[in-house]
Amino acid sequence: MRSWNFGIIGTGMIADIHAQAILNLENAHLAGVCSSDPAKAQSFAEKYNCKAFLNYGEMLRSEEIDIVTIATPSGNHMEPAVEAAQHGKHVICEKPLEISLERIDAMIEAHEKAGTYLGGIFNYRYNDSIAILKNAIEKGRFGTISYASVHVPWWRTDEYYKSKWRGTWALDGGGALMNQSIHMIDLLQYLAGPIDSLCAYIATIGHSIEVEDTATAIVKFKNNALGGIYGSTASFPGQFRRIEITGTKGTAILVDNAITVWQFADQTEEDKEILNRFKEIDGGGGVSDPSSISYQSHQKNIAAFIASIEAGRPFEINGAEARKAVEIVLAIYASAKEGKEYSF
């Protein structure tokens, strides 16, 4: 079995999740890290027993590295991703892939030209409950889907936004939607299908930041289903994220990773087993503390990326796929700013 050597660009909170995910893969090795702060890179390297590179340029020139994960502020993803392609390195990048479609397209183009892989981190897709929900949709168990929505009533303290990049348009690319709720927005389009149009509002209610901490949108899907999006970091003390899919033959509601409603016209014994298996919420889910998330779904995300490279097949969350959630978030911002419906 080949072992893939990873380098991590960035040493913020999410970099620890990347490191733990890599260290728990049999066919991966954490070879190095770099940061804009050399002291942080050295400390991180000592913690995880890997090499501290001076900067990402040095890392990308190194023959020790096969794949890099990008864990920098969102608006700083494009430059290392493009340079990685130029040096023949595969890239798996933390969400959002970038904060504008133009910057994302530059990343996609660079990797297509180089023949390297570009993948996104949307780790919620790898939760077992989501796989079961996706399978039920594909089997037509919901009949004609009539409504699909996501709800992210989270809380972030003022201290959280004291970081120089969080809550800024320039580096965060937005607020409660672009940073926190983008995971669920990705799931909404992944499960319910492409969005046709939306109308939205955004507001800054609970924090002194330049971006939104609360947003809502009414959605129409291309399959004629209706839906909704709600995301906030101003909902004390923070509640579990929720997704609802309902149609002419069934309804499912997931609260975090638990399945609280699972009802179909053609109910089976397996459905009872699913409800029993997923009756417990298995973690805090980052409702108020972003460091409370587990590395395990990231591990599955990265493992799937490696498997795609080894098999020579497209990665399921490639650049084009990871782009979709960002396009939806930007459409919500445009609709809210212009006060009118946005069509895709």
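What is the accessible surface of the protein, and what share of this surface belongs to carbon and sulfur atoms? In this predicted model, the accessible surface is about 14900 Å², and carbon and sulfur atoms hold 49% of that area.

**Overall form**

The protein has 10 helices and 14 strands. Its radius of gyration is 20 Å, close to the 20 Å that the globule rule gives for 344 residues, so the protein is as compact as a globular protein of that length. Along the principal axes, the C-alpha atoms fill a box of roughly 55 × 45 × 40 Å. Buried residues make up 57% of the 344 in the protein. Among contacts with a separation of 6 or more, 70% are between residues 24 or more positions apart.

**Helices α7 and α10**

Two packed helices are described by the angle between their axes and the distance between the axes. For helix α7 (residues 176-192) and helix α10 (residues 319-338), the axes come within 9 Å and cross at roughly 115 degrees. This crossing of α7 and α10 is right-handed. The residues that make the contact are listed by helix below.

| Helix | Residues in the contact |
|---|---|
| α7 | L177, M178, I182, I185, D186, Q189 |
| α10 | E321, K324, A325, V326, I328, V329, L330, I332, Y333 |

By class, the residues of the contact of α7 with α10 comprise 11 nonpolar, one polar and three charged.

Technical notes:
Residues are numbered from 1 along each chain as its sequence is written. This is a predicted model: local features need pLDDT of at least 70, side-chain atom pairs count only at pLDDT 80 or more; totals for chains, interfaces and linings use all residues. Side-chain values use heavy atoms; hydrogens and water are left out. Axes are lines fitted to C-alpha atoms, for helices over the stretch in contact, and angles run from 0 to 180 degrees between N-to-C directions. Helices (H or I, at least four residues) and strands (E, at least two) are DSSP runs, numbered from the N terminus. A crossing is left-handed if the near helix is turned anticlockwise from the far one by less than a right angle, and right-handed if clockwise. Contact means heavy atoms within 4.5 Å. Ala, Val, Leu, Ile, Met, Phe, Trp, Tyr, Cys and Pro count as nonpolar, Asp, Glu, Lys and Arg as charged, and the others, Gly among them, as polar. The radius of gyration is taken over C-alpha atoms; the globule rule is 2.2 Å times the number of residues to the power 0.38. Buried means under 20% relative accessible area, exposed over 50%, partly exposed in between (1.4 Å probe, protein chains only). Accessible areas come from the Shrake-Rupley method with a 1.4 Å probe; for residues, only the protein chains shown count as cover.
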